[in-house]
Amino acid sequence: MRWSAILKRLALIPPTLLGVGAIVFVLLRVVPGDPIAMMIPPGASPADITRLRALYGLDQPLLSQFITWLGQVASGDFGRSISLRQQVFELVGARLPATLELAALAVAMALLMGITVALVGSLLRGTRAEWLLDTANGFFLAIPDFLWALILLLGFGVLLPLLPISGRLDPQLAVAFRTHFYLIESLLTLRLDVAADLLRHMLLPSLALALPFAALVARLLKAQLAEAEDQDYAQIARTRGFSRTTILQREVFPNALIPTVALSGVQVTLLLGGTVLVERIFSYEGIGNMAIDAVINRDFPLIQGLILTFAVLFIALNLAVDLLVALLDPRLRHG
Amino acid sequence: MADLVLSGPITATPSRWRSALARGGARLWIGGGLVALLLLIALFAPVIAPHDPAEQDLMSAQLPPAFIRGGEAAFPLGTDSLGRCVLSRLIYSARTAVSVALIASLLAAVIGIALGLIAGAFGGWIDQSVSRLIDVWMAFPPVLLSIVLAAVIGAGLTSVIAAIVVVDWTRFARITRAETQAQLARDYAAAARVLGLTRAQALRLEILPNLVPLIVTLLAVEMGIAILVEVILSFVGISVTGDTASWGGMITEGRQIVYQAPWIMALPIAAVIISVIGFNLFGDGLRAALDPVQRR
């Protein structure tokens, strides 16, 4: 049942991506700004402009532009960026790892914080401290990532300048990287000073992304823990003399985890979408920051490529969450 | 028989309202208070603001707030880099925020609820196509979609509102669709059919009133979101232009001189946070107050 649902979801991916592509394509073509006007040097002749329009296919009718683009995308060619004059595929490939590392760090931090808060909250059940924790949690949940980014920038970048507030790596630490996964690569090659500097740059933006997500995980998990603790099996374990902490750890937590993963997993896409602004605020060189520049520069091929990249990531994440839930849940293992 | 049905499901007697208010608890009161405060500030901006928000005084630019050394009593919260009164701009920005919040969330609600109701009630290919449309929408990063949209329409308040409506109608559509299906499966919906109500009548008289608590809650939350989207679009440089004051615009300007004058960025951030928390608490409180399950 569950597996057939996943298969059905797989089948829906191509039409969804096609829809995303079509909407972006049409939207961008009604933009009043002319991308060619932004790239020509002053004094270019009308003939030059016409040639450039033809080079980027902008002189064709909308439908034939779309079909050409679809055919190219299907064969892995996402076109050339108009403003950066490089292949979109290469540009996105160079920036995507930065965003993935940032998002992964944020998710890890959020899980750590969220699970801790939920467990502490469960142990405090029924006390005044629990109310305080819940209220604080609601506050963290209500403020979105980009506002946290601005608050953290103000707090730890300006008022109490402890951490860098811009970029991915100190330019003085210019080292050659073989991949674009700087953090993973520097950890694997044991260049710990570089890894430490990368982490210092990532700390504030990833914390901004992590805080609202951590609050969400904490709220969901805490509710599930409370529900699981009231179940018969937990009560029976209690009467058999196991301590509350042991039961929470061994019986209640694994059972509460499955619905929490199912409910919060989907929200990871929101965190990923949040990278757009948070990267912008901290001048972090990921695809989110690049996307805003692409919009400002009316760089059609780049915007299309970036939005498709985000859409693929969103869909892949949703699927991964479903698979994870299926793997975690013993009842679905034989299904 | 028909009269019985037409009397409507929510005929609130005063005691019912009172118990609903009690159920809402502190969240409803604090949230409602903050929202009311925001509305009042927006409404009476010209009365409260000490200066014209667009009035420039380059001689007294980047003054700190009056309670910090170097501040002037005439500018209680200091001035920005053009010498405009920060307090007055904060107050007038509430107008921008409230108009964006009200118009955008109501429009998004109308479109989303209509599509959600139709999809939930009629099922079949109609439901399939609305659901697919929602799926496609959900595959977009919302922030990026609103940025692209606002860029398409061009800067300005209308653009901000349009971006919010086009991006956020799915919030209402998804929940309305699911809830309509759930309500239609209940006995009272079947009873309405037995009584001879047409599908449209049943939707209007029976289903829609039962969706009200949910919709009101969503609306409150959506208004908070709308205020945030305005900030986002300002940050990218495609929100209101020129002299129109907005919190997003103030934050963006403040970001550029954050080392010299951190309060210019900090104060509008605080205003946004208070408003968003207010709308969230209000929504939470309303849900508790209006939830039909808890009404018994």
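**Entry 1. A pair within one helix**

I began with B:Asp284, which forms a salt bridge with B:Arg287, their closest N and O atoms lying 3.0 Å apart. I took a salt bridge to be a side-chain nitrogen of Lys or Arg within 4 Å of a carboxyl oxygen of Asp or Glu. Both B:Asp284 and B:Arg287 belong to helix α11 of chain B, three residues apart, or about one turn of the helix. I looked up their accessibility: B:Asp284 is partly exposed at 21%, and B:Arg287 is partly exposed at 44%. Here buried means under 20% relative accessible area, exposed over 50%, and partly exposed in between (1.4 Å probe, protein chains only).

**Entry 2. Basis of the values**

I note that this is a predicted model, in which local features need pLDDT of at least 70 and side-chain atom pairs count only at pLDDT 80 or more, while totals for chains, interfaces and linings use all residues. Residues are numbered from 1 along each chain as its sequence is written, chains are lettered from A and ligands numbered from 1 in the order in which they are written, and side-chain values use heavy atoms, with hydrogens and water left out.

**Entry 3. Other salt bridges**

I searched the whole structure and found twelve salt bridges over all chains. In one of them, the side chains of A:Lys222 and A:Asp134 meet at 3.1 Å, N to O. A:Lys222 lies in helix α9 (residues 192–229) of chain A and A:Asp134 in helix α6 (residues 128–142) of chain A, so the pair ties together parts 88 residues apart in sequence. Helices are DSSP runs (H or I, at least four residues), numbered from the N terminus. A:Lys222 is buried, with a relative accessible area of 14%, whereas A:Asp134 is partly exposed at 35%. I also recorded that A:Glu130, A:Asp134 and A:Lys222 are linked in a network of salt bridges.

B:Arg84 is buried at a relative accessible area of 4%; B:Glu253 is partly exposed at 31%.

**Entry 4. The interface of chains A and B**

I find 35 residues of chain B in contact (heavy atoms within 4.5 Å) with 42 residues of chain A. The buried area, which is the accessible area (1.4 Å probe) that two parts lose on being put together, summed over both, is about 3,300 Å² between chain B and chain A, and carbon and sulfur atoms give 87% of it. In chain B, the residues that lose the most area to chain A are B:Phe140, B:Leu144 and B:Val152, together 16% of what that side buries. The count of salt bridges between chain B and chain A is zero.

**Entry 5. Nonpolar cores**

A nonpolar core is a set of buried Ala, Val, Leu, Ile, Met, Phe, Trp, Tyr and Cys residues joined through side-chain atoms within 4.5 Å. The largest has 159 residues, and those with the most contacts inside it are A:Val20, A:Leu147, B:Ile147, B:Trp247 and B:Val272. Its largest share, 17 residues, comes from α9(B). Not counting residues up to four places away in sequence, A:Val20 touches A:Ile307, A:Leu308, A:Ala311, B:Val136, B:Ala139 and B:Phe140. Apart from this core, I noted another of ten residues, among them A:Leu225, A:Ala228, A:Ala234 and A:Ala237.

Technical notes
Helices (H or I, at least four residues) and strands (E, at least two) are DSSP runs, numbered from the N terminus.
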